[in-house]
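Grab a pencil and get the structure up on your screen. Try each exercise yourself before you read its solution.

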Amino acid sequence: MASELRFRSIWISDLHLGTAGCQADYLLDFLKHTESEQLYLVGDIIDGWAMQRSWYWQQSHNDVIQKILRKARKGTLVTYIPGNHDAGARQFIGLLFGDIRIENEVIHTMANGKRFLVIHGDQFDGVIQCARWLAMVGDHAYEITLKLNRWFNHLRARLGLSYWSLSQYLKHKVKKSGAFCR
C-alpha cells in the first residue's frame, strides 16, 4: 500500500456529488491516502441543484460518502459547511449526522495560533442573493459546458493532445467580464 500522508487539516470544496462532472474517483484516492485531525467539507459537496433536474449518482459517490463517514467514526473531526448547491443542509446547522458536524461557519486555528473564518462564501455572491434564477441558468449552462468539455477532451486525447479545460476557461472569462461590469 502507498504511504499515507498526514495533515492537521484538509479542506474540500465544490465536489458536486450527484453530477457527471464530479471527480469522485480522484477524491476517493486522495482520501484513502491521507489522514487528518480535521476535515472541512466547505460547500457544494452534494449538488442539490443538479439532482433536482435529473438523478445522477454513481457508486464512487457512495464510496466518497462512506469514506468520509468512516474517517469521522475513527476520530477525524469532520465539519460540513453547506454552500449554495447544498443549501438544503443549512436546516440542520448545529446538528451531528454520523459524527459529522453541520455548521454555517467555523473558526479554524492554525498550528501557529492564527485564526481564520471557514465559510463557503455564497452569502456574498450578489447573483445568488439577488437573482437566484440567473444563478440557476448559469449553473445549467455550466453543466452543458462540462459535457462539451468531456467530448472535446476525448477528441484532444485521440489527437494526442493534453487535457484542456473548456469549462474552466469559460468560467474564468465570465467572472472576468462580471468584474468589468461592477
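Before we start, here is a term you'll need: two strands count as paired if DSSP finds at least two bridges between them. Also keep in mind that this is a predicted model.

**Exercise 1. Find out how the strands of the open sheet are arranged, and which strands stand at the edges.**

Solution. 
- Step 1: Get the overview. The protein has six helices and seven strands, and along the sequence they follow the pattern β-α-β-α-α-β-β-β-β-β-α-α-α.
- Step 2: Five strands form an open sheet in the order 1-2-3-5-4, with mixed pairing.
- Step 3: Look at the ends of that order. Strand 1 (5-12) and strand 4 (96-97) are the edge strands; each has a single partner strand, so one side of each has no neighbour in the sheet.

**Exercise 2. Check the length of helix 3, then say where its buried residues fall around the axis.**

Solution. 
- Step 1: List the buried residues. In helix 3 they are S60, H61, V64, K67, I68, K71 and A72.
- Step 2: Look down the axis. The buried residues of helix 3 fall within an arc of 140°, so they line one face of the helix. The general idea: an α-helix has 3.6 residues a turn, so residues three or four places apart point the same way.
- Step 3: Turn to the other side of helix 3, where Q59 and R73 are exposed.
- Step 4: See what does the covering. Helix 1 (24-32), strand 2 (34-42), strand 3 (77-81) and strand 5 (100-102) are among the elements over those buried residues.
- Step 5: Place the helix on the sheet. Helix 3 lies across strand 2, strand 3, strand 4 and strand 5, and runs at about 120° to strand 2.

**Exercise 3. H16 and D99 have a positive phi although neither is a glycine. Where does each lie, and is it buried or partly exposed?**

Solution. 
- Step 1: Remember the background. Most residues other than glycine have a negative phi.
- Step 2: Take H16. Its phi is about 60°, and H16 lies in the loop between strand 1 and helix 1. Buried means under 20% relative accessible area, and at 18% H16 counts as buried.
- Step 3: Take D99. Its phi is about 70°, and D99 belongs to the loop between strand 4 and strand 5. With a relative accessible area of 44%, D99 is partly exposed.

Key. Residues numbered from 1 in each chain as written. Predicted model: local features only at pLDDT ≥ 70, side-chain atom pairs only at ≥ 80, totals over all residues. Heavy atoms only, no water. Helix = DSSP H or I, 4+ residues; strand = E, 2+ residues; numbered from the N terminus. Expected span 1.5 Å × (residues − 1). Buried < 20%, exposed > 50% of the residue type's maximum accessible area, 1.4 Å probe, protein only. Arc of directions from axis to C-beta. Contact = heavy atoms within 4.5 Å. Axes fitted to C-alpha atoms, helices over the stretch in contact; angles between N-to-C directions.
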